[in-house]
Amino acid sequence: MSDSQSRGRGLRRIVAVAAVAAVTLGLAACGSDDTPDTATGEANSSDTRTVETSRGEITVPAEPQRIAVLSAGLAGYLFTLDAPIAITDTRLLGVTNLDGGFPPQWAEKAEAQGTEELPAGETLNIEAIALAEPDLIIGGGQGFSAVLAEEAYDQLAAIAPTVLIPSSVNTWQGELEAVADAAGESDKVDGLLEAYEDKVAEVKESITVPGAPVAYFLSLATDEPAFIPPTAALPELLASVGFEADDVMTKANNPELYGSGDSFIISNELLTQVGDAPVMFVVPVAGRSLEQLQQDPLYTSLPAFAENQVYELPATSYRPDYDGVMGTLDLIEETFAQ
């Protein structure tokens, strides 16, 4: 990097830090011609386009060069789309933790791009986001990070145009399309969806389903029995290749769904009633592995465990992005090949 480039980047970092200070103090100031409007996220550059969001129309760069991603669950889509990510959250449920490090499935892409890790915490690190000098911020989706982004929206919009994916977009296809639209990569979506449809057809033709119906057990750190309802992403994905999901909701007396509506917790006393399907998938999300559960008498009496018809799936299959979906289908094809 030349001296002039170094000075230019240093100046931009000073401006970014100043912007953070202004937001923190609640100051309102007029920026340069390319500075986003804090209320609408609009910029005055001619190379822009409009994205419709829950907060109205947001003007974003036509071809963003430095995207800040506030949710690791959304970052996977952007890496699949080869979008330029300057900084991203790395906390992926059941895969990474607060110690840092990129999720393995996109670590190589992140390192190749020179993507920075967004420091994790109970609030968003606004200073780190500003210092990354993004020209677009994408957040929202499912989970705790979405709540933090919503709370900090005004601060984020003061740094760069900010698009928050609504939590109501709860399918991976919907998230892929929404993220691609925000990042200006929509032209790649059809090809990815076609590849998915081809993969579903391939897997459906090449496997033998071991039985029906199938229950989906979520292994949590609390050791409380938890199940995934038939309407969640994973059961619906495997339904497309022939796995009929058990009606665990009815068996559990229609309990309240937790968080994003893709799991519920029951008492140990209800386990034999809810978990009596002849086939079961276990998804460890910071909880015990299948091998560990097989040592627990509470589970060994369940029909699927007793008949050795229980199978483990990775945490990335629980709330899968595009790569998670394709990876899960690969694993199903390998496990149940005819």
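How do strand S6 (residues 136–140) and S7 pair, and over how many bridges? They pair in the parallel sense, over four bridges. This is a predicted model, in which local features need pLDDT of at least 70 and side-chain atom pairs count only at pLDDT 80 or more, while totals for chains, interfaces and linings use all residues. Residues are numbered from 1 along each chain as its sequence is written, and side-chain values use heavy atoms, with hydrogens and water left out.

**Sheets**

- Two strands count as paired if DSSP finds at least two bridges between them.
- Another open sheet of five strands runs in the order S10-S9-S8-S11-S12, and its pairing is mixed.
- In that sheet, strand S10 (264–265) and strand S12 (310–312) are the edge strands, each pairing on one side only.
- Strand S8 (residues 214–220) pairs with strand S11 (residues 279–285) in the parallel sense over seven bridges, and Ala 215 has Met 280 of S11 as its bridge partner.

**Nonpolar cores**

- A nonpolar core is a set of buried Ala, Val, Leu, Ile, Met, Phe, Trp, Tyr and Cys residues joined through side-chain atoms within 4.5 Å.
- The largest such core has 83 residues, and Leu 238, Phe 243 and Phe 281 have the most contacts inside it.
- Apart from it lies another core of 20 residues, including Ile 266 and Leu 290.
- Leaving out residues up to four places away in sequence, Phe 243 touches residues including Val 214, Leu 238 and Phe 281; contact means heavy atoms within 4.5 Å.

- Ile 85 lies in strand S4 (residues 85–88).
- Ile 85 is buried because its relative accessibility is 3%; buried means under 20% relative accessible area, exposed over 50%, and partly exposed in between (1.4 Å probe, protein chains only).
- Thr 80, in helix H2 (residues 72–80), has 15% relative accessibility and therefore also counts as buried.
- Setting aside neighbours within four places in sequence, Thr 80 is in contact with Lys 109, Leu 192, Tyr 322 and Asp 323.

Note on methods: Helices (H or I, at least four residues) and strands (E, at least two) are DSSP runs, numbered from the N terminus.
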